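Here are my notes on this one, as promised. Have the model open while you go through them.

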Amino acid sequence: MTVTDPIADMLTRIRNGAQSRHETVSMPASKMKAEVLRILVEEGFIEGYSQTKNDSGFDSLEVQLHYLNDDTPGIVGLKRVSKPGLRIHVGKGEIPRYYGGLGVSILSTSKGVMTGRQAWENGVGGELLCYVW
């Protein structure tokens with residue numbers, strides 16, 4: 001089955017896995033997904049991830065979800081912003097702060113995938129991929 005929006009599929013798998021209290025979630029691999037997961041690890045939303053080959057020989061990403069002491073997920077919410085039907089680009093002065101800075105906006109810029117804060121510090125804009133809080 002072909003997925004038209006792989007980033008949204010990844011975010012949905014993480015959201016569903018966290019709500020169901022799974023320890024790990026697996027998904028097909030891509031470079032963009034790996035970069036978004038790298039940011040989620042740096043920001044402390046997930047424990048980690050690894051790239052492996054699945055049974056059919058394709059690359060797969062295995063994500064270890066993060067939970068707090070009282071068994072609440074480290075990720076409260078995920079929201080896809082830019083979609084294949086409507087791409088959302090922001091300039092360097094238009095980068096949004098989500099939840100007053102408590103959430104993280106993830107952008108795809110000409111210098112790579114980075115958080116909104118990193119993009120603001122580097123003075124670059126780009127495609128607003130998603131919000132995580």
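1. A definition to begin with: two strands pair if DSSP finds at least two bridges between them. Helices (H or I, at least four residues) and strands (E, at least two) are DSSP runs, numbered from the N terminus. This is a predicted model, where local features need pLDDT of at least 70, side-chain atom pairs count only at pLDDT 80 or more, and totals for chains, interfaces and linings use all residues. Residues are numbered from 1 along each chain as its sequence is written, and side-chain values use heavy atoms, with hydrogens and water left out.

2. Strands β2 (residues 46–53) and β3 (residues 59–65) run antiparallel, joined by 7 bridges. Across the pair, Ser50 in β2 faces Glu62 in β3. Their hairpin has 5 residues between the strands, and Gly57 there has a positive phi near 95°.

3. Ser108, in strand β6 (residues 104–109), counts as buried because its relative accessible area is 19%. Leaving out residues up to four places away in sequence, Ser108 touches (heavy atoms within 4.5 Å) Met32, Val113, Gly126, Glu127 and Leu129.

4. Ser20 lies in the loop between α1 (6–19) and β1 (24–28). At 47%, Ser20 is partly exposed (between 20% and 50%).

Conventions
Buried means under 20% relative accessible area, exposed over 50%, partly exposed in between (1.4 Å probe, protein chains only).
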